[in-house]
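Work through the exercises below with the model open. Try each task before reading its solution.

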Amino acid sequence: MIRVRDVTHRYDKQVVLDEVGLTLPVGQLTSIVGANGAGKSTLLSVISRLIRPEQGTVFIDDLDVGTAGADAISKRLAVLRQDNRITARLSVIDLVRFGRFPYSKGRLTPEDHVVVEEALDYLDLQLFRDRYLDQLSGGQRQRAYIAMILAQMLLTYSPTMNHMFHTAPIDLVAWFEVILIAILAYLVVGADRWVVRRRRDKASAE
Amino acid sequence: MTLLQSRSDRATRAAANLEHSSPEERRRRRRVRLILTVLGLACLLAAVAYLTYDVRGSWDYAMDLRTRQVGSLLVVGAAVGASSLVFQTIAGSRILTPSVMGFDALYLLVQTIIVFFFGSATFLMMGVAERFLINAGALVVFGMLLFRWLFGRNSRNLLVLVLVGIVIGSLFNSLTSLASRVLSPNDFLTLQDVMFATFNTVDGDLLWIVAVVCVVGLLALVPLLRYLDVVDLGYDSAIALGLPYHRVVTLTLAVVTLLVAVSTALVGPMLFLGLIVANLARQVVPSHRHTDLVLGSVFVGILATVGGQFVVGHLMDNATTLSVVVNLVGGIYFILLLMRTVRL
């Protein structure tokens, strides 16, 4: 569960997030919707701790994002962005292995390798595992990133999960693509409230 | 439980790495290893050639002189190679190297300021080693402050950073020449002496202390290499993967300033050496791992300095200096790189 509490952030003097609070429950797909410049991406950046807010806190489960160790958070929260510019010459398997960084800090254990293989299987990437990222199509590259994130989120190899994904690999891909599209379009519910509030503030100030 | 026990086991990990890699991957690993071996052997060959080429007269004398020369060339090559490559990674750009950002100009400025405030008498009373350590320490402190500030503000805009680096570099240079103009002639001579050490006359004591610092710097880099692989993914991905980004960047910058102090103390500033070496290494070594890349860059750096000085010193009879050649070739390369990336 992700809880955002009283988060305020401004760029220079422009207030983008004004005491925002919301709870994102487990097992649900949440969209954030709002007009351009309403602060949707800023909110996402704050949640994924790319930006440190001026005020307020974000909790992932019970961990305070501001104070908890970086690797503790990264075992529970993965971030997929729409633009990933990587200059290093990475193959798909290299990229997916980075997903295990929070667990083994770059020195992969046998378990990590199993998880990586699982992630490749789920996203049907075994054929491309040795391709370099710049040799992939845009869609294939996105799948590679999703595999990395999956490798980051799988705690260990678990037979039930294996079963679940193997029975419905297509569903999984589709499911991830929904999230992907959600993030791509920055569509998430709830932002309207702040947009409205900001407009009202502006109106009252005038 | 067995899994937990094996977690700490290096051999198991190595075996797992092997087991979970495809034939293609193993082929690529072998290729990287082969390239690194060839580079290493080439370095060795270059060093031996430099030592033994056309020795006339006393072997003892020639060996003594040439060993010191080769020693300093090795240290400079390794320091420049390693520092430039990791600096590129933390700057997130192939065009930015410590020299381009004005690191070695800062070293000279720090040295001038020390002479300016304490006078050459104090400066000369100190041993070569103490002098170097004080300079290097001051450089690390100032360099960290300056470049943390720089990267914090403009880290997204490459062009601004290049511009700022070049402006800062020339600012430091003119401050240095201003300070040296104000100095008394005696102080100025001392300063000239320290500032323009060349490969041909290397102080034995200085070489020792600098070599030790260089090795310490390189060793300090080793545990950071795995983290630098992640830094290469970009800020956002690195944070998402739980990398202690700022700590890694700060530590790396500290090592980089130390290594710049090493190379500048021995041969003075060589603006474009790092740029050529690091980019060449990235082209020659087909790997994303910094263990491979930094090692490759160290070898390429050594090849460039030892090989370059061999050509300039032995084959061309010192008709020109290595810095001139490096700056000529490197300057052209820098402009090409800029034009390709920025598309003016």
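Residues are numbered from 1 along each chain as its sequence is written, while chains are lettered from A and ligands numbered from 1 in the order in which they are written.

**Exercise 1. Judge the confidence in chain B.**

Solution. Start with pLDDT, the predictor's confidence in each residue, from 0 to 100. Its mean over chain B is 82. In that chain, 90% of residues reach 70 or more. Next, go element by element; helices (H or I, at least four residues) and strands (E, at least two) are DSSP runs, numbered from the N terminus. Helix α1 (residues 2-7) of chain B has the lowest mean, 48. Helix α10 (residues 225-231) of chain B has the highest, 92. Where pLDDT is low, the predicted coordinates should not be read in detail. Finally, the model scores are ipTM 0.78 and pTM 0.81.

**Exercise 2. Derive the strand order of the open sheet in chain A.**

Solution. Two strands pair if DSSP finds at least two bridges between them. First, take β1 (residues 2-11) and β2 (residues 14-24) of chain A: seven bridges join them, antiparallel. Y11(A) is bridged to Q14(A) in β2(A). The two strands form a hairpin with two residues between them. In its turn, D12(A) has a positive phi of about 55°.

Second, β1(A) also runs antiparallel to β3 (residues 55-60) of chain A, over five bridges. In β3(A), Q55(A) is the bridge partner of T8(A), and I60(A) stands opposite I2(A).

**Exercise 3. Check the length of helix α4 (residues 59-91) of chain B.**

Solution. Chain B has 15 helices and zero strands. Count 33 residues in α4(B). The expected span is 1.5 Å times one less than the number of residues.

**Exercise 4. Locate the nonpolar cores.**

Solution. A nonpolar core is a set of buried Ala, Val, Leu, Ile, Met, Phe, Trp, Tyr and Cys residues joined through C-beta atoms within 7 Å. Buried means 20 or more other C-beta atoms within 10 Å of a residue's own, with C-beta atoms placed from the backbone. The largest core has 119 residues; those with the most contacts inside it include V96(A), A119(A) and V210(B). α4(B) gives the most, 14 residues. A second, separate core of 14 residues includes V7(A) and V46(A).

**Exercise 5. Describe the side of chain A that touches chain B.**

Solution. Contact means C-beta atoms, placed from the backbone, within 7 Å. By that test, 33 residues of chain A touch 27 of chain B. The elements of chain A that give two or more residues are α2 (70-74), α3 (92-98), α4 (101-104) and α5 (110-122).

Methods. Predicted model: local features only at pLDDT ≥ 70, side-chain atom pairs only at ≥ 80, totals over all residues. Contact = placed C-beta atoms within 7 Å. Buried ≥ 20, exposed ≤ 12 C-beta atoms within 10 Å, placed from the backbone.
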